[in-house]
Amino acid sequence: MSSGSSSSSNSWLTQLRDLWSSDIAKDSAATTTGTRIDVIPWLNRMTLDVIGLAGFNYDFEALNADGKPNELNEAFSTMFSASQTLSILPVLQAWIPPLRLIPTKRLRRVQAARRTMRRIGQELLRNAKAAALGSATEKGEIEKNTLHGRDLLSLLVKANMATDIPESQRLSDDDVLARASLNRFKICPETNMIFLTEVPTFLVAGHETTSTAVTWALYAMTQAPEVQTKLREELLSVDTDTPSMDDLMALPYLDAVLRETLRVYPPVPITTRIATKDDVLPVEKPFTDKYGVVHDAIRVSKGDVISIQIVAMNHSKELWGADAHEFKPERWTHIPEGVSHVPGVWGHQLTFLGGPRGCIGYRFSLVETKAILFTLVRAFEFILAVPASEIGSKTAIVQRPVLRSDPKSKAQLPLLIRSYQKE
């Protein structure tokens, strides 16, 4: 097992930059056309390393140059792939009980992955508990305000073991691991279908959605090279390769590029909620349904599934103007008055949702995305390696780019990348 420390949180950014620089240096054509790189797998691996450290002080070694697989990395990949992929057999098993007795290769891989996650999770939990006990006072008391580990698991364990909280408020080991995203995947015993007990918010916010946001930002800047140039100029004005969070937050154009990326290309374009009681939802303007009936409210019954169209709100011409579908970071200098009423937790948009069920990891994701863009845009120039008409999108929880000529293939964004040379 590999563990990391918070002091090395910038190392993967420079590691990714150096790996790309090494590949470019080996390519004789790189100085003219650039080296072709599919950025999606690289960004996924890098953000997984970052969230492993921040979430539970674990190094997934996803960017390991020698390519040796890390078992927890493999287990997470297996579970995410299974939860996002619909197979016909599990669907048939849901309707035809005798078919549930059929063992499948997919199910065996998932069960093995869950055992791996639980074993390593329990080991990480034991280590975190031992560290918490090591910080106890001479009287054996553990206080919540004497936290040492800065990863999420350590903080949860320390708070859970504190002697100054009621016993009724303590979490079980399984609950602690679930909240650190190490035990969120379940297998339905009746249908063998894999699902998430709850979306592992911290893991998804720091890994899946962040890598997707960076992917779309790079794509957008290949289609607006003037934006890429302007952003690089701002980033190069900072006299360090490892900026602090305050440094990143003080860069207005970086903020505008990120806001516009998340508005035009929300990583999660649609989500759902289930009504817990009957209710009546007022609407701003009356609407006419398909039967010609005019309504000034929407009646909701308990159990109704409500679809939240994040991308529709983010692209609304009524809110954002006639150019709502266009990528224009400059719009954030003077945003339309109407968007101030959008009930999102950030950025006058629904990308991170809103209310008590809004994304709790959005601040982490924003800082991480800015840090990645800071490092990559300073170091490289990006050009789309295929015609723009070739790029489509496919949604499986998150929305990723695919090639229209091969829509059944994996998500991909091939870019021509060359090192930036100051004139």
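The chain exposes about 22100 Å² of accessible surface, and carbon and sulfur atoms hold 53% of that (Shrake-Rupley method, 1.4 Å probe). Keep in mind that this is a predicted model, where local features need pLDDT of at least 70, side-chain atom pairs count only at pLDDT 80 or more, and totals for chains, interfaces and linings use all residues. Residues are numbered from 1 along each chain as its sequence is written, and side-chain values use heavy atoms, with hydrogens and water left out.

**Overall build**
- You get 14 helices and 11 strands (DSSP runs: H or I of at least four residues for helices, E of at least two for strands, numbered from the N terminus).
- Of the 423 residues, 45% are buried (under 20% relative accessible area, 1.4 Å probe, protein chains only).
- Among contacts (heavy atoms within 4.5 Å) with a separation of 6 or more, 66% join residues 24 or more positions apart.

**Helix 1 with helix 2**
- Helix 1 (residues 11-26) packs on helix 2 (residues 39-56) at about 155 degrees, axes 10 Å apart (axes are lines fitted to C-alpha atoms over the stretch in contact, and angles run from 0 to 180 degrees between N-to-C directions).
- The pair is therefore roughly antiparallel (angles over 145 degrees).
- Helix 1 brings W12, L13, L16, L19, W20 and D23 to the contact, while helix 2 brings V39, W42, L43, M46, D49, V50 and L53.

**Helix 9 with helix 11**
- Helix 9 (residues 225-236) meets helix 11 (residues 252-264) at about 140 degrees, with axes 8 Å apart.
- V227, K230, L231, E234 and L235 of helix 9 touch P252, Y253, L254 and V257 of helix 11.

Terms used: Buried < 20%, exposed > 50% of the residue type's maximum accessible area, 1.4 Å probe, protein only. Parallel < 35°, antiparallel > 145°, perpendicular 65-115°, else oblique.
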